[in-house]
Amino acid sequence: MRHELLLMRHGKSDGTVATDDFHRPLKERGKRGAQRMGAWLAQQDLVPQVIMSSPALRARATAEKCVKSMGLGVDVIELKPALYCEDEKPLLKTLRACPDSVTRLMVVCHNPALEDAVVWLTGKRPRPPKATKLVPTAAVVRLSFEGSWDSLRSGQMQLELIQRVRSLPEGFPWPFPGGDERRERPAYYYQQSAVLPCRWEDGRLEVLLIGSSSDRHWSLPKGIVEPGLSPLASALKEAQEEAGIEGEALEHAPIYFTYEKWGAPVEVCLFAVEVARELEENEREEPHRSRRWVSADAAPALLGRRELGDAVSTLVGSLEAKAS
């Protein structure tokens with residue numbers, strides 16, 4: 001049986017952050033490189049069946065950015081502590097434990113283990129292009145072989161290619177995956193969802209506003225619809241993270257609006273959620289954001305973005321009409 005192995009090195013990490021090696025984060029360049037590689041793999045019809053990653057922060061973040069750009073949810077990633085290693089032996093042991101039903105496996109890990117594994121698996125050291133590392137950050141090595149994972153031996157694999165990020169086209173395809181237009185961010189960034197947190201007080205509808213990320217103006221919980229999640233599930237996740245609230249979505253007709261970001265229109269679906277619980281400040285993930293309950297009629301004018309204010313005005317009118 002023919003099998004394929006995609007070995008991906010983690011994206012460029014940020015060595016300026018004062019932390020230990022395991023918790024070193026990615027640089028912006030590293031995040032974007034992982035996303036571009038994920039989009040490219042999807043375009044080449046090379047989406048793997050199984051994705052394993054080192055649990056180190058820079059490798060895990062690389063795997064997450066990459067799979068979401070393929071259109072997959074992060075729950076497909078299997079974290080393998082053995083992949084946080086310096087030599088190739090734990091990596092090879094992980095490969096041998098893979099079931100033969102997996103015909104295309106992707107592993108996100110670290111150098112020098114990755115390059116040493118390539119040399120062992122192919123039986124030779126490939127020559128990199130001039131002034132280029134053999135496997136630079138966010139690069140993918142594609143290998144293939146005939147046989148079983150559990151009987152891997154040195155020199156058994158064929159090197160198909162080493163894909164480096166710098167060789168990929170700039171930007172991301174739109175529409176995904178085969179569109180000709182190139183955008184600044186992966187396609188899934190351009191679909192967002194938001195929550196209108198609300199409650200009824202003495203027969204009057206009230207709305208909870210939160211501070212923007214800089215806390216300079218009022219906004220609502222809003223974010224990118226995560227691949228693998230519905231717009232509502234993604235919005236409820238944002239509501240808990242940004243506003244520190246829990247609640248249930250109310251029934252109403254969908255409310256959509258668009259605004260410009262990352263060089264193109266972003267479509268947002270707005271949901272009304274009746275707040276059942278407000279987390280204490282020390283329980284919140286983003287306590288730097290202010291919270292303020294206001295009357296529903298006053299909310300649209302207080303929001304920093306006109307498009308959002310118009311959508312809130314429409315939704316409030318719908319909720320009040322339904323309640324009357």
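In this briefing, a residue is called buried when its relative accessible area is under 20%, exposed when over 50%, and partly exposed in between, using a 1.4 Å probe and protein chains only. By that rule, G30, R32, G33, A34, Q35, R36, M37, G38, A39, W40, L41 and A42 are buried in helix α1. The structure is a predicted model, in which local features need pLDDT of at least 70 and side-chain atom pairs count only at pLDDT 80 or more, while totals for chains, interfaces and linings use all residues. Residues are numbered from 1 along each chain as its sequence is written, and side-chain values use heavy atoms, with hydrogens and water left out. Helices (H or I, at least four residues) and strands (E, at least two) are DSSP runs numbered from the N terminus.

**Helix α1**

- Twelve of the 16 residues of α1 are buried, so this helix is largely enclosed by the rest of the structure.
- From its first C-alpha to its last, α1 reaches 23 Å, close to the 22 Å expected at 1.5 Å a residue; the expected span is 1.5 Å times one less than the number of residues.
- The cover over the buried residues of α1 includes β1 (2–9), α2, β4 (104–109), β5 (140–146), β6 (158–163) and β7 (172–174).
- After α1 comes D45, which has a positive phi near 60°.

**Pockets**

- Pockets and cavities are found on a 1 Å grid over the protein atoms alone: a cavity is a set of points where a 1.4 Å probe fits but cannot get out, a pocket is an open set with protein on both sides within 12 Å along at least five of seven lines, and lining residues have an atom within 4 Å of a point.
- Grid points are joined across faces, edges and corners, and a volume is the space filled by probe spheres set on the points.
- The largest pocket holds about 610 Å³ of space.
- Its lining has 25 residues, and K222, G223, E242, K261 and R289 lie nearest the centre.
- Two or more lining residues of the largest pocket come from each of α2 (57–70), β11 (218–219), β12 (222–224), α5 (231–243) and β14 (255–261).
- By class, this lining has eight nonpolar, seven polar and ten charged residues; Ala, Val, Leu, Ile, Met, Phe, Trp, Tyr, Cys and Pro count as nonpolar, Asp, Glu, Lys and Arg as charged, and the others, Gly among them, as polar.
- Helix α1 (residues 28–43) returns here, giving the most to the lining of the second largest pocket with five residues.
- That lining divides into four nonpolar, five polar and eight charged residues.

**The cavity**

- One cavity of 30 Å³ or more is counted, and the largest cavity contains about 50 Å³ of space.
- R36, A39, W40, Q43, L168, P169, G171, P173 and R182 form its lining, with the largest share, four residues, coming from α1.
- Five of these lining residues are nonpolar, two polar and two charged.

**Nonpolar cores**

- A nonpolar core is a set of buried Ala, Val, Leu, Ile, Met, Phe, Trp, Tyr and Cys residues joined through side-chain atoms within 4.5 Å.
- The largest such core has 30 residues, and L196, V207, L209, L220, L270, V312 and L315 have the most contacts inside it.
- At least two residues of this core come from each of β9 (191–201), β10 (204–211), β14, β15 (264–278) and α7 (306–323), and α7 gives the most, with six.
- Apart from neighbours within four places in sequence, V312 is in contact (heavy atoms within 4.5 Å) with L196, L220, L270, A299, P300 and L303.
- A second, separate core has 27 residues, including L92, V102, A117 and L134.

**Backbone details to look at**

- The peptide bond from N111 to P112 is cis, with omega near 5°, and P112 sits in the loop between β4 and α4 (113–122).
- Another cis peptide bond runs from W174 to P175, with omega near -10°; P175 is in the loop between β7 and β8 (181–183).
- A138, in the loop between α4 and β5, has a positive phi of about 65° although it is not a glycine, and it counts as buried at 3% relative accessibility.
- W262, in the loop between β14 and β15, also has a positive phi, near 50°, and counts as buried at 18% relative accessibility.
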